[in-house]
Amino acid sequence: MTKLFLGLCTATLVLGWVLASPPARAGDASAGSDVFKTECSECHSIKEGRNKKGPSLFGVVGRKAATISDYEYSDALRSKTDWVWTPEKLHSYLSQPAKQADPGTKMKYDGLSDAKQLDDLISYLSTVH
Amino acid sequence: MLSFLNRRTMRRPKMLLWCGLAALLLLSSTAAQAIPAFARQTGSACADCHAGSYGPILTPYGMRFKLNGYTDTDGHGTKIPLAGQLTETHTAPARGPSSTALTEADLYIAGRISDQFGGYAKVVSAYTGRNNTYNTTLSNLDLRFVAKELKLNGRDFTLGVSVNNSPGFDDPVDVLPAATSLGPATGSGPTGTFLGQSGPNNPANRVIGANVYGLYDSNWYGEVGTYTSLPTSTQDRLGYNISGDPGKISDTGYFRFAYMKDMKRQFFSVGVVGLTTKRQLPRTGPSDNLFDLGYDLSYQFIGNRDNIVQLSYVNILEKRKYGSTPVGPTGLTALPRGVLHDETLSVTYTFKQAYSLQVAHLQSNGTRDAVRFGPFGNPDTTANLITLFWTPFGREDSFTSIANLKLSATWFRFTKFNGVTNNIFGVPFGAVQTKPGDLNAFSVSASVAF
């Protein structure tokens, strides 16, 4: 009985942790690679240390904003000291025009309205580290 | 005027043959290519701006770079604004001896001066075909001032000025003949439209002009400007033989309007172009009125960059009102007016941004004029260009992304020349006749850009 109780408690805790966690985005990283090529690759590289018009996106997921040392960020992004590129933040940022998400940014991007492509892209970026 | 026309119509067939072959070589070599100095400046790979990682055809991203006055940067300070290109070519003409030579050495001075100023100039040292001698010329020139990130009616607006030396060279869509160097090599006489730039005495690199352009809402492009021809003394100093002088042009107006739509995986454009000028050729002769009006269509399927298809069609009509009606050697009088018509259709498929096949159909035709166009009074030409090339570098995942090698095989074929499909130079019965196919040539070349 005690074991059953402990088991139920454990299951409840696990279930509660899962439910309390941010919703996982079930993106397809493979498809996201194509989305990256179409939407991002002209201005961003996934190679570590390689900046183009935009900074390298190597290891971007989980990175604090404006922290690549040899890239010249806009003042607008530099001022976002509390921004971390979590999947949720990326989802919010990339789903709208960049000038709207971060007024004053150097980034010229109209946003990605296709939710699946956005999930795929973020899943792909999560693999680049 | 008469003496000029007579000189042209009475040229020996062999000379004309060489003219055709020279034009062929020009077509295959002088197109503006990917410029590694720009890759270093932007941090971009060659393949970001050119589907085949070498050019000249631009991707939509490359078009934006051009529109922004070549000023985009990765922000890592000033880069050395120099690049070079060497081209070794083996040419096997259908008639005549084959040859192998270092056909071209180019120096590009290319880069940004500030966020508003950028441009490039290309200096070409080209093999003359004789005794290992080279002729150095100032080729393409495009200097720009651009004001970016303006707003007009709440929409993005870019305003710029381009100073360039060839009408249409600054075209952002990069489909006009001045930008692609793609046009039919035409026959004897004043053939070819002014904007088509494939006929003799065309304005390419021998004029100077200033154009004001604007891009509204990322899609609508407009440009107006004017050109004047360089004095023959200046052309000479820039390395050009003054026999190719485009003449003295005046009251020249140029316009270009286009709708461009970049859908990331696809791109299309629809455009019109026009030019009006008064031309004295030769400079002491009477003035001819030329009015060019053309339209163009282009489409690109880009997808995920693995399979890229690029199509373009350009159709330019030129109306001429001649300043004189000379009498030819046979007693016929030249027509006071005429129409010329140049068309090019090009299809390019690129696999993995490294393997490209381009097929182009080029044709030129016009009003028959027994005095102006020799030997049959017919300026019609039809030709095809087929090019296969491989570029091992210039992509982000290649050994280097900011320099490249291009190995190409090109077949240029004529099916009509001087309006006929046989005996194109009209030699008498019994003499060696030349067919259009005798002007064909196959060439293999290796170019390195660094």
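Chain A follows the pattern α-α-α-α-α-α along its sequence. In this predicted model, chain A has six helices and zero strands. Of the 129 residues in chain A, 25% are buried.

One helix pair in chain A was examined in detail. Two packed helices are described by the angle between their axes and the distance between the axes. Helix α4 of chain A covers residues 87-94, and helix α6 of chain A covers residues 115-127. Their axes lie 10 Å apart and form an angle of about 135°. Angles of 65 to 115 degrees count as roughly perpendicular and those over 145 as roughly antiparallel. The helices α4(A) and α6(A) are therefore oblique to each other. Their crossing is right-handed. On the α4(A) side, the contact is made by P87(A), L90(A), H91(A) and L94(A). On the α6(A) side, L118(A), I122(A), L125(A) and S126(A) take part. By class, the residues of this contact are six nonpolar and two polar, with no charged residue.

The interface between the chains was then considered. Here 13 residues of chain A are in contact with 13 residues of chain B. The side of chain B that touches chain A holds seven charged, five polar and one nonpolar residue. The model scores ipTM 0.79 and pTM 0.87.

Chain B contains two cis peptide bonds to proline that are described here. One joins L281(B) and P282(B), with omega about 0°. P282(B) lies in the loop between β9 and β10 of chain B. These strands span residues 266-280 and 287-301, respectively. The other cis bond runs from G374(B) to P375(B), with omega near -5°. P375(B) is placed in the loop between β13 (355-366) and β14 (381-390) of chain B.

Positive phi values were found in residues of chain B other than glycine. For D174(B), phi is about 65°. D174(B) sits in the loop between β5 (155-164) and α6 (177-180) of chain B. A residue is buried if 20 or more other C-beta atoms lie within 10 Å of its own. D174(B) has 24 C-beta neighbours inside 10 Å, so D174(B) counts as buried. For N201(B), phi is near 55°. N201(B) is found in the loop between α6 and β6 (207-216) of chain B. With 19 other C-beta atoms within 10 Å, N201(B) is partly exposed.

Chain A has a mean pLDDT of 85, and 81% of its residues reach 70 or more. Over residues 15-24 of chain A, the pLDDT is below 50. Beyond near neighbours in sequence, that stretch has one contact in the model. Chain B averages a pLDDT of 90, and 93% of the residues score at least 70. Over residues 1-30 of chain B, the pLDDT is below 50. This stretch of chain B has 50 contacts in the model beyond near neighbours in sequence.

Note on methods. Residues numbered from 1 in each chain as written. Chains lettered and ligands numbered in written order. Predicted model: local features only at pLDDT ≥ 70, side-chain atom pairs only at ≥ 80, totals over all residues. Helix = DSSP H or I, 4+ residues; strand = E, 2+ residues; numbered from the N terminus. Buried ≥ 20, exposed ≤ 12 C-beta atoms within 10 Å, placed from the backbone. Contact = placed C-beta atoms within 7 Å. Nonpolar A, V, L, I, M, F, W, Y, C, P; charged D, E, K, R; others polar. pLDDT = per-residue confidence, 0-100. Axes fitted to C-alpha atoms, helices over the stretch in contact; angles between N-to-C directions. Parallel < 35°, antiparallel > 145°, perpendicular 65-115°, else oblique. Left-handed = near helix turned anticlockwise from the far one by under 90°.
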